[in-house]
Amino acid sequence: MNPEIWGVFHDGSIEAITGSVPGVVELRIDIEYLRDMFDGGGTHLRVRLGGCSRLEYRQYDAQATSDLGVIAFREPEVLSVYRLEPLVLGWREGELERAYDTMEIFLDTGAPLTEEQLRGTCERYWDDWDARRP
């Protein structure tokens, strides 16, 4: 998947991280407004990073950490993609840098999502949101 896909998780937060670096890491991203756009109920999406060789969180004014438990405990909230090379995501209180070979996205039910499904659904949500604004 194109690394720019991380932008669809705007306002979502990482609630849990499993796996290990280097290796396979799975992130639970709670993003209820986007998850509600898909059938089956639920509150989050799962992102599996294969060949993950870097996952480092730099909270502003604090030392960087690669401890997955500490990162999940801080529940970073996604704002935007800051840079693509290396991939750096902006969070409400810092930045998350990551490097991986593959990325797969799933509903919390286990159903896989393609990049096109995710992008289309996200665009539909924000179009609907714009239409509801006064």
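Student: In this predicted model, what makes Tyr 125 count as buried or exposed?

Tutor: Its relative accessibility is 15%. Buried means under 20%. So Tyr 125 counts as buried.

Student: How do you know which class Trp 126 belongs to?

Tutor: Trp 126 has 24% relative accessibility. The buried class ends under 20%, and exposed starts over 50%. Trp 126 therefore counts as partly exposed.

Student: Why is the pair of Tyr 125 and Trp 126 called edge-to-face?

Tutor: Take the distance, then the angle. The ring centres are 5.0 Å apart, and pairing needs centres within 6.5 Å. The planes stand at 85°, and over 60 degrees counts as edge-to-face. So the pair is edge-to-face.

Student: Which charged end sits over the ring of Tyr 125?

Tutor: That of Arg 132, 6.0 Å from the ring centre.

Student: How many aromatic pairs does a search of the whole structure find?

Tutor: It finds 5. Another of them joins Trp 6 and Tyr 100.

Student: What makes the pair of Trp 6 and Tyr 100 stacked or edge-to-face?

Tutor: The planes are at 65° and the centres 6.5 Å apart. Stacked needs under 30 degrees, edge-to-face over 60. The pair is therefore edge-to-face. It links distant parts of the chain, 94 residues apart. Trp 6 lies in the segment before strand S1 (13-19). Tyr 100 is in the loop between strand S7 (94-99) and strand S8 (102-107).

Student: How do you know whether Trp 6 is buried or exposed?

Tutor: Its relative accessible area is 0%. The limit for buried is under 20%, so Trp 6 is buried. Tyr 100, at 18%, also counts as buried.

Student: What else surrounds Trp 6?

Tutor: Ring pairs link Trp 6, Phe 9 and Tyr 100 into a cluster. Arg 98 lies over the face of Trp 6, 4.0 Å from the ring centre. Leu 49 is in contact with residues including Trp 6, Arg 98 and Tyr 100.

Student: Where is Leu 49 found, and what makes it buried or exposed?

Tutor: Leu 49 is in strand S3 (residues 44-52). Its relative accessibility is 0%. With buried set at under 20%, Leu 49 counts as buried. S3 is mostly covered, with 7 of its 9 residues buried.

Student: How do you know that S3 pairs with strand S2 (residues 23-30)?

Tutor: Pairing takes at least two bridges. S2 and S3 have 7, in the antiparallel sense. Glu 26 stands opposite Arg 48 in S3.

Student: Which sense do S3 and S8 run in?

Tutor: Antiparallel, joined by 6 bridges. Gly 50 stands opposite Thr 102 in S8.

Terms used
Residues are numbered from 1 along each chain as its sequence is written. This is a predicted model: local features need pLDDT of at least 70, side-chain atom pairs count only at pLDDT 80 or more; totals for chains, interfaces and linings use all residues. Side-chain values use heavy atoms; hydrogens and water are left out. Rings of Phe, Tyr and Trp (its six-membered ring) pair if their centres lie within 6.5 Å; planes under 30 degrees apart count as stacked, over 60 as edge-to-face and the rest as tilted. Helices (H or I, at least four residues) and strands (E, at least two) are DSSP runs, numbered from the N terminus. Buried means under 20% relative accessible area, exposed over 50%, partly exposed in between (1.4 Å probe, protein chains only). A charge sits over a ring if NZ of Lys or CZ of Arg is within 6 Å of the ring centre and within 35 degrees of the ring normal. Contact means heavy atoms within 4.5 Å. Lists of a residue's contacts leave out its neighbours within four places in sequence.
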